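Visitor: I'd like to go through this structure with you. Can you put it up?
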Amino acid sequence: MLPSQALLPAVVFALTVLQALASNTFMAAVYEHAVILPDPTDQPVSPSDALALMNKNMDVLEGAIKEAAQQGAHIIVTPEDGIYGWRFTRESIYPYLEDIPDPVVNWIPCTDPSRFGAAPVQERLSCMARNNSIYVVANIGDKKPCDSSDPKCPRDGRYQYNTDVVFDTQGKLVARYHKYNLFRGETQFNYPKEPEAVTFETPFGKFGIFTCFDILFYEPAVVLVSKMQVDTMLFPTAWMNVLPFLTAIEFHSAWAMGMRVNLLSANTHNTSTAMTGDGLFTPEGPAAYHYDSATEEGRLLLAELSTRPRLSPTYPPAVNWSSYATSIRKFPGENDTFLGAVRRDIFTFSELRHKDGNYTVCQGDLCCHLVYQMSDERRDEVYVLGAFDGLHGSLIKYHWQICTLLKCPSTNLSTCGQPVETAQTKFEMFSLSGTFGTSYVFPEVLYSGVQLAPGEFQVLRDGRLKSKHGTSKPLVTATLFGRLYEKDPPHPLRTSP
């Protein structure tokens, strides 16, 4: 006798659990969504108009979720701002917000939609997860009333939070995360009073979640990995690409390798704001990634990942990021240096004047060492070794230490540090290291055309970033990107009265 329609989700869920328990891997998916944006306005639209816009986006997301489930995915991550976009003031975003309860309430919005008031977005997301027997990760807005008894209550009597939600295969709300590190333009949202370290267990590993700008800060990103020991990070983002070091696929892949966890990065897609680039990243490198600055189309990615990467036989060993660099004297050779700007950061650069060589460049407490050999020396292309040790950012500042082998846009040295996407020069080998004052260092290699280099470089235990053989494509940059979280100044907005 066939199970009734009501029992089908439970049957499928049980089979999914058994399958996941029997395997050391799971199927993960991310979707890069070309968000349908509302018309710009400072005035709130009606709740029905807001829901209509959100339903258009959820129609697209539902198609991606169904396809991912049909291809065997256990979980799918969708982007930050993926349901309503980002063109809002504090007042105009209000009709798009819902009251999102703490997951301890044990709630399935798909089967009990009115338990906490009107929640059509949560209901629909819950049903997407339940009907397709897949974990669904989405980014929406949470609203919480407050009053004069709360000295930090905003004048309009409510808190508004940039919020990630996770629904399991039954459609139950299992995680809610309020973004802690808001980007400078997110004035429509409030900062949470305290950072949240949100995790949840599944049959296929332990997951943590954070949002976009959070990835650059100790709380919650490092806390989740180092203290909470998550296996896989879920990362809805609306990432605006910034060459040479902060292109989405470049930095997110490097972060997964540096932190030695899986990272499921789902980006919004909007070429006018340079938003593109998502992927499924592992401690060994990218399992799948996508970067498209030419079209306005979304993209679904799937890959099989290790359930518990720390137990994998290929799990990379811990790295002492300063061991090699602090053990050697300055390399001999030409030490002529000059200053150049990467955005607002003033780097110390040294031009690579020969086909091969050894170079040292220092700034502050950081010395960067490079051994290299080009496949051929081109007169029309200039590369530099650069070092930066200091605070980055305008309003919100944080401390970087960066060693980089970098292509300049032209032979004019004053252009070094400006964005460049293409190159012609390949390298027979390179070895880059630095005297980093932190254990949090992220290795990046970016090829011409904004392409990653999976399997073509390695990080040695003594902190050297080395090419394995030679670069198969022309090199744009090889970078060691360090974060000294303990040197970050107090946050100017969270600490103000």
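**Around the annotated site**

Guide: Cysteine 212 is buried, at a relative accessible area of 8%. Buried means under 20%, exposed over 50%, partly exposed in between (1.4 Å probe, protein chains only). The model is predicted, so local features need pLDDT of at least 70 and side-chain atom pairs 80 or more, while totals for chains, interfaces and linings use all residues. Numbering runs from 1 along each chain as its sequence is written, and side-chain values use heavy atoms, without hydrogens or water.

Visitor: Where is cysteine 212 placed?

Guide: In the loop between β7 (205-209) and α4 (218-227). Helices (H or I, at least four residues) and strands (E, at least two) are DSSP runs, numbered from the N terminus.

Visitor: What is cysteine 212 in contact with?

Guide: Beyond neighbours within four places in sequence, its contacts include Glu80, Lys179 and Trp239. Contact means heavy atoms within 4.5 Å.

Visitor: Which residues does the UniProt "active site" annotation cover?

Guide: Glu80, Lys179 and Cys212, from an unreviewed entry. They span 133 residues of sequence but cluster in space, with a largest C-alpha distance of 10.4 Å. UniProt positions follow the numbering used here, feature names are shortened, and annotations may be inferred rather than shown by experiment.

Visitor: New topic. Is glutamate 80 buried or exposed?

Guide: Buried, with a relative accessible area of 2%. Glutamate 80 sits in the loop between β2 (75-77) and α3 (120-132).

Visitor: And which residues does glutamate 80 touch?

Guide: Among them are Asn139, Asn162, Lys179 and Cys212, leaving out residues up to four places away in sequence.
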